[in-house]
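User: I would like to go through this structure with you, one topic at a time. Could you keep the answers plain?

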Amino acid sequence: LPTVFTHAIAGCVAAGMLGERERPVRVWTAAVAVSVLPDADVIGFAYGVRYSDFLGHRGFFHSPFFALLLAILCVHLLFRDRRPMSRGWWAYVAVFFVAGASHGLLDAMTDGGLGIALLIPFDSGRFFFPWTPIPVAPIGLRAFLGEWGLRILVWEAVYMWAPLLALLAGVLVVRRRARSLHPVDDAEVASHDRS
Ligand SMILES: [Zn+2]
């Protein structure tokens with residue numbers, strides 16, 4: 001895993017893709033939550049689940065398939081005003097899916113641990129991308145507080161947080177421009193979603 005911070009920033013990038021009025025605070029909160037949640041699968045270690053199991057670390061809960069289920073659940077629970085299958089509903093599902101799926105995709109670029117079950121439900125194999133530049137972060141807080149953890153934080157700050165925050169800033173600027181250029185379209189979408 002990259003650290004929780006990298007996953008959280010990736011979640012923010014996803015949330016930033018929504019229009020300005022479409023992203024109240026709970027959108028950011030939920031996007032960050034779904035982007036970091038997959039690592040809660042380490043809880044299974046305490047209950048005898050092995051790393052390589054279907055429900056093990058980097059297994060089912062790290063799959064884009066789970067991210068899709070979680071995104072739908074999230075929209076269902078948090079955005080009840082969105083008519084299922086409407087354009088506004090899909091926009092939220094897409095954002096939470098991107099936030100959640102980003103976790104497994106980032107993990108698949110790390111240089112350690114087991115691979116990620118990216119192809120569930122079609123294949124329960126574990127995969128990495130051919131390019132794995134991200135140093136794997138230690139699991140657990142105690143391991144993290146050592147020199148290893150500190151080196152990882154510095155590496156991630158430079159090579160992950162800075163580019164991701166730049167991407168977030170870019171996304172927000174593009175969204176704002178898009179809105180000011182097409183104010184009528186935006187109003188139409190909003191009224192459509194309310195119907
Ligand atoms: Zn992970």
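User: Where does Pro 135 lie?
Analyst: Pro 135 is in the loop between α4 and α5 (141-144); helices are DSSP runs of H or I with at least four residues, numbered from the N terminus. This is a predicted model, in which local features need pLDDT of at least 70 and side-chain atom pairs count only at pLDDT 80 or more, while totals for chains, interfaces and linings use all residues. Residues are numbered from 1 along each chain as its sequence is written, and side-chain values use heavy atoms, leaving out hydrogens and water.

User: Is Pro 135 buried or exposed?
Analyst: Pro 135 counts as buried because its relative accessibility is 19%; buried means under 20% relative accessible area, with a 1.4 Å probe and protein chains only.

User: Now the metal. Which residues are the protein donors of the zinc ion?
Analyst: They are Asp 39 (OD), His 62 (NE2), His 103 (NE2) and Asp 107 (OD), at 2.0 to 2.2 Å from the zinc ion. Donors are N, O and S atoms within 2.8 Å of the metal (3.2 Å for Na, K and Ca); water is not among the atoms, so sites may look incomplete.

User: What does the pair Asp 39 and His 103 tie together?
Analyst: Asp 39 lies in the loop between α2 (25-36) and α3 (64-78), and His 103 lies in helix α4 (residues 87-107), so the pair ties together parts that are 64 residues apart in sequence.

User: Are Asp 39 and His 103 buried or exposed?
Analyst: Asp 39 and His 103 are buried.

User: What is Tyr 92 in contact with?
Analyst: Leaving aside neighbours within four places in sequence, Tyr 92 is in contact (heavy atoms within 4.5 Å) with residues including Leu 18, Val 27, Val 75 and Phe 79.

Terms used
Helix = DSSP H or I, 4+ residues; strand = E, 2+ residues; numbered from the N terminus. Buried < 20%, exposed > 50% of the residue type's maximum accessible area, 1.4 Å probe, protein only.
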